[in-house]
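Please walk through the model below.

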Amino acid sequence: MSHDDSKTPWAPRVVKIVKTETGFGFNVRGQVSEGGQLKSINGELYAPLQHVSAVLDGGAAEVAGLKKADRILEVNGVNVEGATHRQVVDHIKSGGDVLTLTVISVSQQEADRLEPNEETTNFPSYDYSEKRSLPISIPDYEYKYNDQTGERFVVYNIYMAGRQLCARRYKEFSNLNINLKKEFMGFSFPKLPSKWPFALNEQQLDSRRRALEQYLEKVCAVRVIGENEIIQEFLTDDDQSAKNKIDLKILLPDREVVSVNVPKNANTEEVYKVLVTKIGLSLEASRYFALFEIVEYNFERKLAPNEFPHNLYIQNYSTATSTCICLRKWLFIVSRELSLSYDEQATTYFFWQAVDDVNRGHIKAGDRLYQLKALQDATKKHEYLKLVREQDGYGGIVFPHCSCDSRKEGHVIATVSASSFELHACKDDGTLESQVITFSWSSIVQWDVDDEGMVFAFQYQRPDKPARWIRIFTNYFHFMNDCFERLKEESVMFSKGRKGQPIEQESQLDQSGSDENLSS
């Protein structure tokens with residue numbers, strides 16, 4: 001329906017909320033299923049609407065004029081009549097730090113009629129309908145000793161998809177259950193095994209282990225609970241065990257999974273050094289590989305040197321794979337790859353990564369696809385690489401689709417390669433469109449990141465035109481910046497090249513002035 005500017009307090013109005021340190025400052029409540037019967041609100045018929053169940057005193061929403069019981073018609077210009085609670089929350093979260101709502105205020109009498117059973121509390125409403133099956137297990141238990149008190153106790157080892165997350169005592173499970181019930185008051189939790197005042201025998205301990213495992217399976221299967229920070233903290237080891245060594249699984253490019261024994265608090269650089277020794281990667285080749293995190297959309301993110309790989313097990317505990325960490329090539333310029341042709345191990349890794357990139361569609365094989373498929377054998381890796389390196393997209397890193405200030409509607413897919421930086425227009429769901437903008441490295445003047453806004457920005461200049469900034473809003477803004485920095489490093493490192501070999505990137509890459517205004 002149209003939204004007029006009538007001054008009546010019950011007419012639809014637009015509220016613009018700017019997020020602060022306390023967030024947007026309001027809670028949303030409403031139906032968990034889509035659609036529903038039309039209801040009369042202030043004399044007009046609407047599909048079921050999510051509504052504001054609480055407004056934080058002095059918060060951003062209150063300052064903007066949002067009121068408790070307001071009905072939400074639109075979120076950032078998207079009509080949400082009949083939408084589920086989760087859909088509306090996702091729209092709110094995806095809009096960045098500025099939120100625009102079209103809402104309808106109602107009288108207290110109208111609110112009571114629409115939501116007669118709603119409690120007047122500030123507890124958020126949760127959607128418990130979305131569930132998933134997680135490979136969480138407690139395969140065993142073990143005895144521990146407290147050196148200070150001499151206490152002997154049992155801990156239950158918790159695993160996800162074959163990788164150990166943590167070890168917890170029964171009383172910690174009991175505390176977890178209490179905290180979850182406080183947060184998710186509307187959920188019917190499974191029963192924990194009973195507390196027993198006497199020492200348990202082995203049969204009783206194993207029975208408790210199975211019951212605790214079933215409890216975790218049922219609780220973590222509800223997405224909104226499994227992703228809550230209470231569960232996340234429970235599945236994270238405490239600081240006291242940080243120096244204990246664990247077996248960290250890492251996926252190699254040839255699809256072999258190897259385990260390295262490292263301290264839980266080992267950072268990326270420390271883990272990488274152990275891995276290089278374990279697999280026998282040469283010192284020269286090790287300069288051109290790195291550890292990456294496996295994330296969604298067939299995409300891997302390079303780990304920062306000071307990250308803790310074991311912590312990623314916790315952040316990605318719901319994945320069904322044996323590991324979320326992998327080894328991948330960290331090299332853009334093909335001429336350097338060619339100089340490593342004598343290294344069979346590095347060449348094998350280059351080969352398998354190229355196979356993956358072809359299968360993902362990142363390398364545009366075209367009419368060469370059948371020929372590449374025929375060479376898809378490690379014994380033919382040199383032939384395969386010779387052919388695939390001639391194809392468009394080889395050696396590039398393709399980022400998941402995201403928004404960009406150069407597009408009013410839709411998203412872009414960014415690709416970083418030795419030849420250029422490319423932005424391919426796509427729809428909000430990632431469906432490719434026809435427009436592609438290619439920026440040569442010689443046209444890119446500088447780049448920067450905005451941590452607060454989660455923005456990667458670069459400035460480019462076309463001949464006879466003023467320089468212009470473009471901002472890309474992506475969760476992987478730091479990784480995108482790392483790619484630019486790596487290319488700058490490679491362009492200097494290999495600028496002279498090897499005799500008889502071409503240099504893909506000779507233009508000067510310059511990253512200057514971190515205090516530039518990204519919105520300019």
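In what order do the 4 strands of the open sheet run, and in which sense do they pair? The order is S17-S19-S20-S21, and the pairing is antiparallel. Strands (E, at least two residues) and helices (H or I, at least four residues) are DSSP runs numbered from the N terminus, and two strands pair if DSSP finds at least two bridges between them. Strand S17 (397-398) and strand S21 (432-440) are at the edges with a single partner strand each, so one side of each has no neighbour in the sheet. Strand S20 (residues 420-426) pairs with S21 in the antiparallel sense over 6 bridges. His-424 stands opposite Val-436 in S21.

This is a predicted model, in which local features need pLDDT of at least 70 and side-chain atom pairs count only at pLDDT 80 or more, while totals for chains, interfaces and linings use all residues. Residues are numbered from 1 along each chain as its sequence is written, and side-chain values use heavy atoms, with hydrogens and water left out.

A second pairing is that of S14 and S16, which is antiparallel over 5 bridges. Ala-290 stands opposite Arg-328 in S16. S16 is mostly covered, with 5 of its 5 residues buried; buried means under 20% relative accessible area, exposed over 50%, and partly exposed in between (1.4 Å probe, protein chains only).

Arg-328 also meets Glu-300 through a side-chain polar contact of 3.4 Å. A polar contact is a pair of N or O atoms within 3.5 Å; within protein, one must be able to donate a hydrogen and the other to accept it, and residues adjacent in sequence count only if both atoms are side-chain atoms. Glu-300 lies in strand S15 (residues 299-302) and is buried, at a relative accessible area of 10%. Another polar contact, of 2.5 Å, joins the side chains of Glu-300 and Arg-360. Leaving aside neighbours within four places in sequence, the residues in contact with Glu-300 (heavy atoms within 4.5 Å) include Phe-292, Cys-326 and Phe-479.

Rings of Phe, Tyr and Trp (its six-membered ring) pair if their centres lie within 6.5 Å; planes under 30 degrees apart count as stacked, over 60 as edge-to-face and the rest as tilted. By this rule there are 26 aromatic pairs. Phe-292 and Trp-330 form an edge-to-face pair, 6.2 Å centre to centre with 70° between the planes. Phe-292 belongs to strand S14 (residues 289-295) and Trp-330 to the loop between strand S16 (325-329) and helix H11 (334-339), so the pair ties together parts that are 38 residues apart in sequence. Both Phe-292 and Trp-330 are buried. Elsewhere, one aromatic cluster is formed by Phe-421, Phe-439, Trp-441, Trp-447, Phe-456, Phe-458, Tyr-460 and Phe-484.

Ile-279 lies in helix H8 (residues 268-279) and is buried, with a relative accessible area of 16%. Not counting residues up to four places away in sequence, Ile-279 touches Leu-252, Val-258, Leu-327, Gln-345 and Tyr-349.

Cys-324 is in no disulfide, and the nearest cysteine sulfur, that of Cys-326, is 9.2 Å away. Cys-324 is buried at 1% relative accessibility, and Cys-220 is buried with a relative accessible area of 0%.

Note on methods:
A disulfide is a pair of cysteine sulfur atoms within 2.5 Å.
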